Amino acid sequence: MAFSYKPLWRLMFEKDLNKNYLREELKFSPTTVAKMGKDEYVSLEIIDKLCSHFNVEPGDIIQHKKGAESNGGN
């Protein structure tokens, strides 16, 4: 995968939040949360909801893994 959600997990840790918070507060499906936990792709709509909720920019919750192979569906 070409992206990591480590910055999101760090942000949530600092705020004393867990993955259940994303399911309960933002109404994310368990599948979406599991995909993020495995550094798999999620829609930009999900990234947008996270940015709006936490009042951050995309780079504050995801990071690009340089040199990682992409499974962009092409």
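The protein chain has 4 helices and 2 strands, where helices (H or I, at least four residues) and strands (E, at least two) are DSSP runs that are numbered from the N terminus. This is a predicted model, in which local features need pLDDT of at least 70 and side-chain atom pairs count only at pLDDT 80 or more, while totals for chains, interfaces and linings use all residues. Residues are numbered from 1 along each chain as its sequence is written, and side-chain values use heavy atoms, with hydrogens and water left out. Read from the N terminus on, the elements follow the order β-α-α-α-α-β.

We can begin with the chain as a whole. Of the 74 residues in the protein chain, 31% are buried; buried means under 20% relative accessible area, exposed means over 50%, and partly exposed covers what lies in between (1.4 Å probe, protein chains only). The protein chain exposes about 5100 Å², and carbon and sulfur atoms supply 47% of that area, the accessible areas coming from the Shrake-Rupley method with a 1.4 Å probe, with only the protein chains shown counting as cover for residues. Among the contacts in the protein chain with a separation of 6 or more, 65% are between residues 24 or more positions apart, a contact meaning heavy atoms within 4.5 Å.

For I61, leaving aside its neighbours within four places in sequence, the contacts are S4, Y5, P7, L8, L11, I47, L50, C51 and V56.

Which residues of helix 1 are buried? They include P7, L8, L11 and M12, and, seen down the axis of helix 1, its buried residues fall within an arc of 135 degrees, so they line one face of the helix; the arc is that of the directions from the helix axis to the C-beta atoms. The face turned away from this buried side carries the exposed residues K6, F13 and E14. What covers the buried residues of helix 1 includes strand 1 (3-4), helix 2 (19-25), helix 3, helix 4 and strand 2.

Helix 3 can be read in a similar manner. Its buried residues are T32, V33 and M36, and they cover an arc of only 95 degrees around the axis, which puts them on the same side of helix 3. These buried residues pack against helix 1, helix 2 and helix 4, whereas the face of helix 3 turned away from its buried side carries the exposed residues P30 and T31.

In helix 4, the buried residues are I46, I47, L50, C51 and F54, and an arc of only 135 degrees around the axis puts them on the same side of helix 4. Helix 1, helix 2 and helix 3 are included in what covers them, while on the other side of helix 4 the residues L44, E45 and S52 are exposed. Helix 4 is followed by N55, whose phi is positive, near 55 degrees.

The structure holds 2 salt bridges, a salt bridge being a side-chain nitrogen of Lys or Arg within 4 Å of a carboxyl oxygen of Asp or Glu. In one of them, E45 pairs with K49, the closest N and O atoms being 3.7 Å apart; E45 and K49 both lie in helix 4, 4 residues apart, which is about one turn of the helix. D39 forms a salt bridge with K65, with the closest N and O atoms 3.2 Å apart, and this pair links distant parts of the chain, since D39 lies in the loop between helix 3 (30-37) and helix 4 (44-54) and K65 lies in the segment after strand 2 (63-64), 26 residues apart. D39 is buried, with a relative accessible area of 16%, whereas K65 is partly exposed, at 29%. D39 is also in contact with S4, a residue of strand 1 that counts as buried at 1% relative accessibility.
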